[in-house]
Amino acid sequence: MAGGGASREMEAFKVHVDVLSWVNRFVGGPGTGEVTVTEEVERGATVRAVLRQLTDRHPELGGALWDEGRPREIGDNVEVMVNNAVLGVTHDLDSEVLPEDRIMLLGQYMGGSA
């Protein structure tokens, strides 16, 4: 039996992205509360890949999420969390996403008086 040419099928799975507050208007939400978007990804996908796939489908979200000056980095307007921890604690943009992981996009609120 020849095993050299056997190809392994990539396993796809779904990742849930919870989009909260004003950010969800970019994915068809009301701009308040929470909207959950599901992305199908291949095993080995990173947090960055999931977010790129989502923002490719929702370009306005991409404008709010990614830093214009450093397009491979998250800007200051949206906080990204994975499994309820901000990026940099247990995950970063290049961490592999697992089927049980949940990504959250939370809009930052800035303002006040000087």
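These legends describe close-up views of a predicted model.

**View 1. Five strands form an open sheet.**
The strand order is β2-β1-β5-β3-β4, and the pairing is mixed. β2 and β4 are the edge strands. Each of these two pairs on one side only.

**View 2. β5 pairs with β1 and with β3.**
β1 and β5 run parallel, joined by 5 bridges. Here, histidine 16 stands opposite arginine 102 of β5. β3 and β5 also share 5 bridges, but their pairing is antiparallel. Valine 80 has leucine 105 in β5 as its bridge partner.

Valine 82 faces alanine 85 of β4.

**View 3. Helix α1 lies across the sheet strands β1, β2, β3 and β5.**
The helix covers residues 47-57. Its direction makes an angle of about 115° with β2. Which residues of α1 are buried? They are Val47, Arg48, Val50, Leu51, Leu54 and Thr55. Seen down the helix axis, these buried residues fall within an arc of 160°, so they line one face of α1. An α-helix has 3.6 residues a turn, so residues three or four places apart point the same way. The cover over the buried residues includes the strands β1 (12-20), β2 (34-42), β3 (78-82) and β5. Helix α2 (59-65) is also part of that cover.

**View 4. The largest nonpolar core holds 28 residues.**
Leu51, Leu65, Ile103 and Leu105 touch the most other members. Two or more residues come from each of β1, β2, α1, α2, β3 and β5. In soluble globular proteins, nonpolar side chains tend to be buried together.

**View 5. Leucine 51 of α1 is one of the buried residues of its helix.**
What does leucine 51 contact, leaving aside neighbours within four places in sequence? The list is Leu65, Trp66, Ile74, Val80, Leu93, Ile103 and Leu105.

**View 6. Histidine 91 sits in a loop between two strands.**
The loop links β4 (85-86) to β5 (102-107). Is histidine 91 buried or exposed? Histidine 91 is buried because its relative accessible area is 15%, under the 20% cut-off. Its side chain makes a polar contact of 3.1 Å with the side chain of threonine 90. Leaving aside neighbours within four places in sequence, histidine 91 is in contact with Val82, Asn83, Glu96 and Asp101.

Terms used:
Residues numbered from 1 in each chain as written. Predicted model: local features only at pLDDT ≥ 70, side-chain atom pairs only at ≥ 80, totals over all residues. Heavy atoms only, no water. Helix = DSSP H or I, 4+ residues; strand = E, 2+ residues; numbered from the N terminus. Buried < 20%, exposed > 50% of the residue type's maximum accessible area, 1.4 Å probe, protein only. Polar contact = N/O pair within 3.5 Å; in protein donor to acceptor, adjacent residues only side chain to side chain. Contact = heavy atoms within 4.5 Å. Arc of directions from axis to C-beta. Pairing = 2+ DSSP bridges. Axes fitted to C-alpha atoms, helices over the stretch in contact; angles between N-to-C directions. Core = buried A, V, L, I, M, F, W, Y, C linked by side-chain atoms within 4.5 Å.
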